[in-house]
Amino acid sequence: MKIGAIVEEGYVYEEEVHLTVRKTCLFFAGDGFRAYDSKGELVFRVDLYGPDAGDTGEVVLMDASGRCILTVRRKRPSLHQRWEGFVGEGSEGEKPLFSVRRSSIIGRSNVSVEVYTNPSQEYNIEGSFGCRNCTIYNAEKEAVAEIRRKVDASHHIVLGKDVFVLSLKPGFDVAFAMGVVLVLDQIHGADDDDDRAENGNRVGVDPNIDDS
């Protein structure tokens, strides 16, 4: 399956790719990532720090040396959380390469991806990123990438959700896939904030009041 570069030609491989992706902070959604290849070498990094780091509406994907490869930026206003990906630092006025958006605010699991540089390339993401169990399908309904929990092969133990595997079919742009992962993390983090807010609204409810 030959798809070709969306972000950068150097990240399109003829063989299947498996990246181990690790969140570098467990307390805040979107607080940094490290992605390693099958040899354990660092391929990508995302550096964000602190509880407010993910609120800027912008996340930058870098290579191992710190070169900016891709910037994903939230489009405002956007009812369904539309994010757009820009090559490099994504300067003001530059046209985006692709967009990722949640197709509906109901269900929260249906996410679509549109590639502006090639309108024939459309993707749909099914499953739960929060559970680290989702698949990216192309317009022909073929699975081109998968996110799943990582298993410690030596002990046959499923690791925590802060470590997961990103698997890609040959010809699928790895940098593009990582950009999509960053958007999914941001969307999932926003959903968690909404859920906590909804639950928090009930903390102070008088248990003697019948609200049925």
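The model is predicted, so local features need pLDDT of at least 70 and side-chain atom pairs count only at pLDDT 80 or more, while totals for chains, interfaces and linings use all residues. Residues are numbered from 1 along each chain as its sequence is written, and side-chain values use heavy atoms, with hydrogens and water left out.

Let's start at strand E8, residues 111-115. Strands (E, at least two residues) and helices (H or I, at least four) are DSSP runs, numbered from the N terminus. Four of the five residues of E8 are buried, where buried means under 20% relative accessible area, with a 1.4 Å probe and protein chains only.

Now look at the neighbours of E8. Two strands pair if DSSP finds at least two bridges between them. Strand E7 (residues 98-102) runs antiparallel to E8, joined to it by five bridges, and here Phe 98 stands opposite Val 115 of E8. Strand E9 (residues 122-128) also pairs with E8 in the antiparallel sense, over four bridges. In that pairing, Ser 112 is opposite Asn 124 of E9. A hairpin of six residues leads from E8 to E9.

Next comes the core. A nonpolar core is a set of buried Ala, Val, Leu, Ile, Met, Phe, Trp, Tyr and Cys residues joined through side-chain atoms within 4.5 Å. The largest one here has 47 residues, and Phe 98, Tyr 123 and Phe 176 are among those that touch the most other members. Helix H1 (residues 174-200) gives the most to this core, with eleven residues.

Which residues does Phe 176 touch, not counting those up to four places away in sequence? With contact meaning heavy atoms within 4.5 Å, they are Ile 6, Val 7, Phe 98, Val 113, Val 115 and Tyr 123.

Finally, the rings. Rings of Phe, Tyr and Trp (its six-membered ring) pair if their centres lie within 6.5 Å; planes under 30 degrees apart count as stacked, over 60 as edge-to-face and the rest as tilted. Seven aromatic pairs are found by this rule. One of them, Tyr 123 with Phe 176, is tilted, at 5.9 Å centre to centre and 50 degrees between the planes. Because Tyr 123 lies in strand E9 and Phe 176 in helix H1, this pair ties together parts that are 53 residues apart in sequence. Phe 172 and Phe 176 are both buried. Ring pairs link Phe 98, Tyr 123, Phe 172 and Phe 176 into a cluster.

Terms used:
Buried < 20%, exposed > 50% of the residue type's maximum accessible area, 1.4 Å probe, protein only.
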